[in-house]
Amino acid sequence: MTTPTRSGPILAIILTSYFMILLDNSVIFTGLPSIRSELGLSATELSWVQDAYTLVFGGLLLLGARAGDLIGRRRLFVIGLAIFTTASFLVGAAPTGWWLIAARALQGIGAAVVAPTSLSLLTANFPEGRERTRAVSWYGATAGIGASLGLVVGGACAHWISWRAGFFINLPVGLALVLAARRYLGETERRTGRFDTVGALTATLGVGAIVFGIVNSADAGWGSLTTVAALAGGVVLLVVLVANEWRAEQPIMPLRLFRSRERSGAYAARLLFLGAMIGFFYFTTQYLQGVLGFSPLQAGLGFFPMTVVNFAVAIAVPRLTRRFGNAMLLAAGLAVTLAGMAWLSRLHAGDVYLSSVALPMVLIGAGQGLAFAPLTAAGISGVTAADAGVASGLVNTFHQLGSALGLALLVAISANATTLTTHVTTALTGSAALLAAALLITLTTRPTRTDHANPRTTAHRRLRPEARLAHGRRPVR
């Protein structure tokens with residue numbers, strides 16, 4: 001068990017590493033015009049600056065999570081940080097477009113290692129109950145704030161220095177994290193046995209093919225031979241994955257993790273929620289710059305109403321969870337986010353920022369602050385120490401798949417809009433529809449008393465909400 005004197009540094013290391021990954025996932029948005037101009041990229045090449053990162057990140061997440069279980073999570077965490085930091089330098093130093101795209105793909109490899117191992121380290125270092133509730137709440141707050149603040153940092157760097165500066169920032173941060181991790185993080189117990197090679201390959205290639213197909217559809221269309229082949233190939237590979245995991249002695253993705261309605265619902269809701277939120281950032285930024293005439297820095301600062309409210313609500317989540325429970329908080333967060341997104345989708349060309357953008361952002365920020373931590377907690381609910389890594393990998397896999405799938409779908413449904421405003425409002429209406437679906441799934445998969453009806457949990461009803469948050473076997477320390 002983590003002692004109080006070490007819990008602070010450990011949580012800081014985990015949150016900072018996760019924040020760095022999320023920051024780079026959104027810092028690129030406000031710098032894209034400068035990147036295209038400086039490196040002379042075409043529209044397709046420019047899209048791959050973001051797509052290469054998402055594709056590799058999403059495709060390798062399960063492999064990264066499983067590798068941490070086998071070789072030690074701290075060891076792999078440090079390796080992932082080193083890869084991500086090195087790739088950040090290569091991105092900032094990129095002289096050509098192909099170099100930049102390749103370096104972004106390398107960043108995706110580092111992120112695919114750091115993201116699941118950071119969450120599994122959190123699960124291993126903070127016991128179930130109040131400590132884990134607090135840690136997961138901060139983890140959820142970091143997820144929302146990292147995406148929002150990335151736009152501000154990217155806009156500020158592009159406006160005052162260069163788009164490259166946003167990536168060079170990672171050098172001192174990454175080095176400090178490597179040193180701190182080696183000092184404060186204890187190594188987790190390594191699991192012996194054979195590596196699930198078939199599962200690793202089919203999971204990585206299957207997820208990667210589907211992400212590629214979704215990304216490609218935005219430009220080539222859903223009827224494109226490349227898109228259809230990638231999606232069909234991805235589905236076939238995932239079918240092979242499921243068949244292999246069913247009989248594998250030590251599977252990379254234990255199918256038992258999907259037996260819980262709460263966890264399965266959380267994975268699906270997270271996919272839809274992230275699809276809606278990536279559309280919110282992507283299209284609202286376009287509206288602020290293309291319609292309201294904001295500079296990149298002003299556009300980044302324009303998300304502050306959401307960021308501030310998000311943070312304020314997220315730090316109150318542990319107290320709210322103890323009072324209302326995880327399931328109710330998640331449903332409320334999705335409902336509030338849906339209300340804000342529906343309001344924002346009614347934008348017009350002549351609207352003013354305060355009433356048409358800032359106020360809906362307050363609702364979206366509050367809803368995201370309420371929803372992220374419960375979504376994360378539900379995704380790792382009841383897992384044992386042995387499954388912590390793969391459960392964390394699934395949480396992050398659905399996070400990235402949701403972003404890729406959501407953006408592709410929203411771009412597709414808004415492609416025929418005749419004006420930028422209509423383009424944005426159509427996409428945001430699609431985001432609202434994704435949130436409505438996420439809310440419906442959450443309401444129909446929320447845990448019930450019968451979910452815990454077994455001899456070992458007869459006293460479950462008397463447990464406090466924070467103890468029910470991740471009910472299951474206590475990890476072995």
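Is Thr337 buried or exposed? Select Thr337 and find out. This is a predicted model, and the tour below keeps to what its atoms show.

**Stop 1: Thr337**

Thr337 is buried, because its relative accessible area is 0% and the cut-off for buried is under 20%. The residue lies in helix H14. Thr337 is in contact with Phe273, Met277, Leu363, Ile364, Gly367, Gln368 and Leu435. Keep Leu435 highlighted for the next stop.

**Stop 2: H14 against H17**

Select helix H14, residues 326-344, and helix H17, residues 420-445. Their axes come within 9 Å and cross at roughly 165°. The two helices are therefore roughly antiparallel to each other. The handedness of this crossing is left-handed.

Next, colour the residues that make the contact. On the H14 side, pick Leu330, Ala331, Leu334, Ala335, Thr337, Leu338, Met341, Ala342 and Leu344. On the H17 side, pick Leu428, Ser431, Ala432, Leu435, Ala436, Ala438, Leu439, Thr442 and Leu443. Thr337 and Leu435 are both in this selection. Colour by class and the contact splits into 15 nonpolar, 3 polar and no charged residues.

**Stop 3: H14 against H15**

H14 passes H15 in a left-handed crossing. By class, this contact has 21 nonpolar, 8 polar and no charged residues.

**Stop 4: Thr284**

Move to helix H10, residues 261-290, and select Thr284. Its relative accessibility is 1%, so Thr284 counts as buried. Draw a distance from its side chain to the backbone of Phe280. A polar atom of the Thr284 side chain lies 2.6 Å from the backbone oxygen of Phe280.

Thr284 touches Gly279, Phe303, Leu344, Val357, Met361 and Leu428. Two of those names take you back to Stop 2: Leu344 of H14 and Leu428 of H17 are part of the contact there.

**Stop 5: Met306**

Go to helix H12, residues 304-314, and pick Met306. Met306 is buried, with a relative accessible area of 0%. Met306 and Leu359 are 53 residues apart along the chain, and their C-alpha atoms are separated by 8.9 Å.

**Stop 6: H3 against H7**

Clear the view. Select helix H3, residues 73-92, and helix H7, residues 170-184. Which way do they run? H3 is roughly antiparallel to H7, with an angle of about 170° and axes 9 Å apart. The crossing of H3 and H7 is left-handed.

Show side chains at the contact. H3 supplies Arg74, Phe77, Val78, Leu81, Ala82, Phe84, Thr85, Ser88 and Phe89. H7 supplies Asn170, Leu171, Gly174, Leu177, Val178, Ala181 and Arg182. By class, the contact of H3 with H7 has 10 nonpolar, 4 polar and 2 charged residues. Arg74 of H3 and Arg182 of H7 are the charged pair to look for.

**Stop 7: Leu55**

Select Leu55 in helix H2, residues 43-71. Leu55 is buried, at 18% relative accessible area. Set aside neighbours within four places in sequence, and Leu55 is in contact with Trp48, Gly208, Val211 and Phe212.

**Stop 8: Ser120**

Pick Ser120 in helix H4, residues 97-125. Ser120 is buried, with a relative accessible area of 1%.

**Last stop: the whole chain**

Zoom out. The chain has 18 helices and 0 strands. Of its 477 residues, 58% count as buried. Now consider contacts between residues at least 6 apart in sequence. Of these, 83% join residues at least 24 apart.

Note on methods
Residues numbered from 1 in each chain as written. Predicted model: local features only at pLDDT ≥ 70, side-chain atom pairs only at ≥ 80, totals over all residues. Heavy atoms only, no water. Axes fitted to C-alpha atoms, helices over the stretch in contact; angles between N-to-C directions. Helix = DSSP H or I, 4+ residues; strand = E, 2+ residues; numbered from the N terminus. Parallel < 35°, antiparallel > 145°, perpendicular 65-115°, else oblique. Left-handed = near helix turned anticlockwise from the far one by under 90°. Contact = heavy atoms within 4.5 Å. Buried < 20%, exposed > 50% of the residue type's maximum accessible area, 1.4 Å probe, protein only. Polar contact = N/O pair within 3.5 Å; in protein donor to acceptor, adjacent residues only side chain to side chain.
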